[in-house]
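Okay, thanks for making time, everyone. I've got a two-chain model to walk you through, so let me put it up on the screen.

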Amino acid sequence: MIVYISRRLLSAVVTVLLASVIVFAAVQLLPGDVATQVLGQDATPDAVAALREQMGLNRPAVLRFLDWITGAVRGDFGVSLVSGEPVSATLWLHLRNTMLIAVATIAVAVTSSIVLGVVAGLYRDRWPDTVVSTLTLIGMSVPEFVVATLLVLALSITVPVLPAVVLDEASAPVADLLPAVVLPTIALSVVMTAYIVRMTRTSVIDVMESEFVTTARLKGLGTGRVVVRHALPSALLPTLNVIAMNVAWLVGGVAVVENVFNYPGVGRMLLEAVHNRDLPVLQAIAVVSAAVYVLCNLAADLGAMALNPRLRTGERSAR
Amino acid sequence: MTGSPHGASGPAETTGSTGTARTTLRSLARSTPAVVGLSLVALHVLLALLAPLLTSYSPTANDPGSALLGPGADHWAGTDAYGRDVVSRVLYGGRYALTVSFAATACAVALGTVVGCAAALKGGRLDDALMRVLDAILAIPPILALLVVVTVLGTGPAVIVLAVTVVYAPQVVRVVRAAALGVAPLDYVTAARARGERTVSILVREVLPNIAHVVSVEFAMRASWVVLLISSLSFLGFGANPPTPDWGLMVAENRTAMVVVPWATLAPIIALATLVVGLNLSADGLSRAWGVDRAKESS
């Protein structure tokens, strides 16, 4: 088991490293390098050359990558081209704000999708299933910005109870940001729930037809006990992975939704970086999101191991 | 099928699309969702093709004299802040959405299929290395990867197609590779190898026809995500450049005037949602008709 865990950890580290190589390489492809970016298109060639020298851009890409990655490991992502401030300080602040939305969204989406998925699975092909499946289909078919826009129309314009636009700075205290978290969370939860419900429903249906559930039923256990004690743990296993995968989607969804509400999180920071072509910021956000994604998958795998005794013996079929 | 993760009747497990085109069509026609889905998509294609006949207004020309009108006899869904007819922009927006999304999905699925099949047939070191790199690419969220490509190469339809290909091909590779691995050990592939056929011809003549159903379902499913992704990108201002008629861009332009002219925002939203619902239902219908397990692939 320890071998399996350590192998899994190693492969997570390798994946993050590879992802950072890819991000670095992609950004280096940029026509005109960072020096030209800083000085603008009209800069004299001499000035560009001087700045290149100063920033160490004349050195081979491999060395620059090593510099950057060793800094990144220590939490130093360089300096923003626009503000001149260290990237990491700004990034952690925005990350804190985004975590507020992300944690709330995951809590809401996971709870509601498990409830809805179990209901749909147990009442397969009857009206509760039809209702849930139809809502799921609609939820999957509208992009986050549409849900967000409709929410603004409903809860900020028609019935003005919540702010449509956040005016707080990124450094505002958490308590001030809380009212602003509500609408983005609803918008993201709607879409995320739609994706997870599908998986929960399918696996509940599979498990309810399995032999051990039939046995439990024949033992005379009540439906509630059969579902909660026998079926749910097995049914939630595949769902765990889907939840982890949704976290990757969440990072993208957050970018869109934060933009709609002007919420000072990583998503807005990302879009500003793209607007200003602020490459160090872009690289930092990309690597941090990749690391978050890999960590979530790792957690899902280890969680699956905890839930499923068969995986603990070390015999695990390769994916 | 007790506890089997493969769900209902699975001809896919044996030799792929064993049924003829006719049985597929029949089971598609029997399923209401599939019929609704395919009709929705067909309706969108038809409306996009006939756009110039259905409206006499230009989707891009400004007409300040008739700005911000409500729905009426002249403008069925009103006009936006620049006086452009909303119906006309939605119709032409369908052209843009369908062409760009179709091109992007086709490129991603084609590239993914070729690489996935090659990885499955060749196996070994190449396969291992490829899977590692794909894991790393998949760790970067799609919209972030798209934004990086757009930052590097600028905006425009060609860049979007390229970016979507880069982002979605790895996911297609995974699905196709898994399907091809299911086919590779079968007798007819072994026979072809024993006959000494080249990998390319084994791929084209033996493997591809037998995973065609997986690729088709993959195409329909990807298409719905690509439409969503591209519209999100336009909404953020990094996709279609104004004044291109694009649904995501229309929502972004008109949402500040939502109280005055709600239809300028709602019309593109309805168009976008119906197209994606159509694509999703079609993907569902196709996967049921062929017994491809879609829930397993939803990632």
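I'll take the two chains in turn, then the places where they meet and pack.

Quick housekeeping: this is a predicted model, so local features need pLDDT of at least 70 and side-chain atom pairs count only at pLDDT 80 or more, while totals for chains, interfaces and linings use all residues. Residues are numbered from 1 along each chain as its sequence is written, and chains are lettered from A and ligands numbered from 1 in the order in which they are written.

Chain A, then. It has 12 helices and 0 strands; helices here are DSSP runs of H or I with at least four residues, strands are E runs of at least two, and both are numbered from the N terminus. Taken along the principal axes, the C-alpha atoms of chain A fill a box of roughly 85 × 60 × 30 Å. Of its 319 residues, 39% count as buried. By buried I mean 20 or more other C-beta atoms within 10 Å of the residue's own; exposed is 12 or fewer, partly exposed is in between, and the C-beta atoms are placed from the backbone.

What does UniProt say about chain A? The unreviewed entry lists "transmembrane region" for residues 99–123, 135–157, 177–197, 235–261 and 281–307. A word of care: the positions are in the numbering used here, feature names are shortened, and annotations may be inferred rather than shown by experiment. In the model, residues 177–197 of chain A are 100% helix, with end C-alpha atoms 29 Å apart. Residues 281–307 of chain A are also 100% helix, and there the ends are 39 Å apart.

Helix α11, residues 266–276, has a set of buried residues: A:Val266, A:Gly267, A:Arg268, A:Met269, A:Leu270, A:Ala273 and A:Val274. Is A:Asn308 buried, exposed or partly exposed? It's partly exposed, because 13 other C-beta atoms lie within 10 Å.

On to chain B. Chain B also comes out as 12 helices and 0 strands. Its C-alpha trace spans about 75 × 45 × 35 Å along the principal axes, and of its 299 residues, 50% count as buried. Among contacts in chain B between residues at least 6 apart in sequence, 73% join residues at least 24 apart. A contact means that the C-beta atoms, placed from the backbone, lie within 7 Å.

For chain B, the unreviewed UniProt entry gives "domain: ABC transmembrane type-1" for residues 94–278. That stretch of chain B is 83% helix, and its end C-alpha atoms are 14 Å apart. The record also lists "transmembrane region" for several spans of chain B, including 96–121 and 260–281. Residues 96–121 of chain B are 100% helix, with ends 37 Å apart, whereas residues 260–281 of chain B are 91% helix, with ends 34 Å apart.

Now a helix pair. The axes of α10(B) and helix α11 of chain B, residues 247–254, come within 7 Å and cross at roughly 35°. Those axes are lines fitted to C-alpha atoms over the stretch in contact, and angles run from 0 to 180 degrees between N-to-C directions. Residues making the contact include B:Leu233 and B:Phe235 of α10(B), and B:Trp247 and B:Val251 of α11(B).

So where do the chains meet? 39 residues of chain B are in contact with 48 residues of chain A. On the chain B side, α6 (124–138), α7 (142–153), α10 (199–236) and α12 (262–290) each supply at least two residues. The largest share, 8 residues, comes from α7(B).

Last stop, the core. The largest nonpolar core has 172 residues, and A:Ile285, B:Val164 and B:Val176 touch the most other members. A core here is a set of buried Ala, Val, Leu, Ile, Met, Phe, Trp, Tyr and Cys residues joined through C-beta atoms within 7 Å. α10(B) gives the most to this core, with 20 residues. What does B:Val176 touch, leaving out residues up to four places away in sequence? Its partners are B:Gly112, B:Thr113, B:Gly116, B:Cys117, B:Ile211, B:Val214 and B:Val215.

Notes:
Two residues are in contact if their C-beta atoms, placed from the backbone, lie within 7 Å.
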